[in-house]
Amino acid sequence: MQNAPPDAIDTSLVRRVLVTKLRHHGDVLLASPVFTVLKRALPSAEIDALVYRETAPMLEGHPAIAQIFTIDREWKRRGVVSQFRAEAGLLRSLRARRYDLVVHLTEHPRGAWVTRLLRPRYAVARELPGAHWLWRSSFSHYYRLPRARPRHTVECNLDALRRLGLQPAMADRRLVLVPGERDAARARELLAQNGLERRGFIQLHPGSRWLFKCWTAESYAALIEAMVADGWQIVVTGAPDARERELVDEILSLVPERCRLSVANLTSALSLGELSALTRDARAFVGVDSAPMHIAAAMGTPVVALFGPSGDVEWGPWQVPHRIVASIEHPCRPCGNDGCGGGKVSECLTTLPFERVHAALLQVLAETEQRLSP
């Protein structure tokens with residue numbers, strides 16, 4: 001018989017569940033297996049999500065999710081009265097659901113207040129040493145993360161369910177991301193417009209919300225030249241952010257003219273759903289530690305990921321063929337800092353030779369040649 005915690009929840013008493021993940025896009029996507037495991041353990045229950053509005057596309061279409069509730073970060077910029085009305089409306093909607101279980105997957109203090117106001121039978125959050133009394137008294141269960149060594153964020157999220165007595169099956173731990181039909185049609189349209197075929201191109205996503213996680217424009221340009229010489233078409237993607245566009249523009253300005261006909265620049269041209277659909281059709285993905293890298297893993301697209309100050313153990317590509325390229329000359333990584341000394345430039349990344357990234361790409365392409373043939 002499988003062991004269970006003595007205070008494991010009674011699953012027969014759980015009809016509705018709220019899972020909260022108030023973080024960025026990649027964090028929300030890495031929480032998607034939690035919904036799968038909950039639905040397997042509670043097949044008759046309705047499972048809802050509470051996330052920031054801009055991250056909701058990461059969970060739309062998830063077959064285990066009944067409703068997605070969102071918090072708009074713009075509320076607080078619209079004045080006290082407007083914010084109060086929006087917050088009150090959200091709380092009324094959540095209360096109407098009468099949750100029996102709340103699974104809070106961040107350290108955001110809002111989770112404690114929401115749990116107190118919803119008054120579920122069960123609630124679980126991370127155990128935080130030295131936490132304020134509000135946190136220590138708001139949840140029925142607290143899950144622990146490893147004390148000495150890190151583990152992948154997906155498994156850390158699932159630890160919340162393990163603490164409740166719900167053990168995840170291996171088959172339920174994959175990332176779930178479902179592009180809509182319109183997204184898929186738009187991605188196919190863009191590929192056709194650029195003369196590209198499914199599995200016939202390499203996707204390069206150079207940017208990140210945090211530029212200290214990024215490689216140099218010169219190295220990206222050299223990698224593009226090498227990939228084109230190998231016979232590949234390249235699709236460059238990026239967010240509609242001025243700094244990411246500037247990075248892509250600089251990269252493409254350094255690409256030799258003879259290679260440019262083999263490069264399609266779709267920076268700022270894709271929604272999150274369209275990006276997911278396009279990534280699903282790529283032969284491989286090359287990029288840094290970012291939400292698009294996790295999207296590639298969710299889509300089953302082989303990944304070459306460049307890591308600098310962030311930890312690849314916690315944030316590496318999940319359950320997909322991949323190669324991680326990281327410095328072997330900087331014992332200080334992963335430091336978790338925003339660049340060396342907080343200077344916004346990460347030397348463990350800027351000094352990575354493009355030859356190592358190119359070699360990693362060739363390896364992952366060879367490894368997946370038969371599995372991902374067109």
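This is a predicted model: local features need pLDDT of at least 70, side-chain atom pairs count only at pLDDT 80 or more; totals for chains, interfaces and linings use all residues.
Contact here means heavy atoms within 4.5 Å. On the H8 side, Ser219, Ala222, Leu223, Ala226 and Met227 meet Phe354, Val357, His358 and Leu361 in H14. Sorted by type, the residues of this contact come out as 7 nonpolar and 2 polar, with no charged ones.

As for the geometry, two packed helices are described by the angle between their axes and the distance between the axes. Helix H8 covers residues 217-229 and helix H14 residues 354-367; they pack at an angle of about 40 degrees, and their axes are 9 Å apart. That angle makes H8 oblique to H14. The crossing of H8 past H14 is right-handed.

Thr279 counts as buried because its relative accessibility is 1%, and the cut-off for buried is under 20%. A polar atom of the Thr279 side chain lies 2.8 Å from the backbone oxygen of Leu275. Once neighbours within four places in sequence are set aside, Thr279 is in contact with Gln203, Ile295, Ala296 and Thr301.

Asp27 belongs to helix H1, made up of residues 25-29. With a relative accessible area of 11%, Asp27 is buried too. Not counting residues up to four places away in sequence, Asp27 touches Lys21 and Trp315. Pro353 is another matter: Asp27 and Pro353 are 326 residues apart in sequence, and their C-alpha atoms are 29 Å apart in space.

Technical notes:
Residues are numbered from 1 along each chain as its sequence is written. Side-chain values use heavy atoms; hydrogens and water are left out. Buried means under 20% relative accessible area, exposed over 50%, partly exposed in between (1.4 Å probe, protein chains only). A polar contact is a pair of N or O atoms within 3.5 Å; within protein, one must be able to donate a hydrogen and the other to accept it, and residues adjacent in sequence count only if both atoms are side-chain atoms. Axes are lines fitted to C-alpha atoms, for helices over the stretch in contact, and angles run from 0 to 180 degrees between N-to-C directions. Helices (H or I, at least four residues) and strands (E, at least two) are DSSP runs, numbered from the N terminus. Angles under 35 degrees count as roughly parallel, over 145 as roughly antiparallel, 65 to 115 as roughly perpendicular and the rest as oblique. A crossing is left-handed if the near helix is turned anticlockwise from the far one by less than a right angle, and right-handed if clockwise. Ala, Val, Leu, Ile, Met, Phe, Trp, Tyr, Cys and Pro count as nonpolar, Asp, Glu, Lys and Arg as charged, and the others, Gly among them, as polar.
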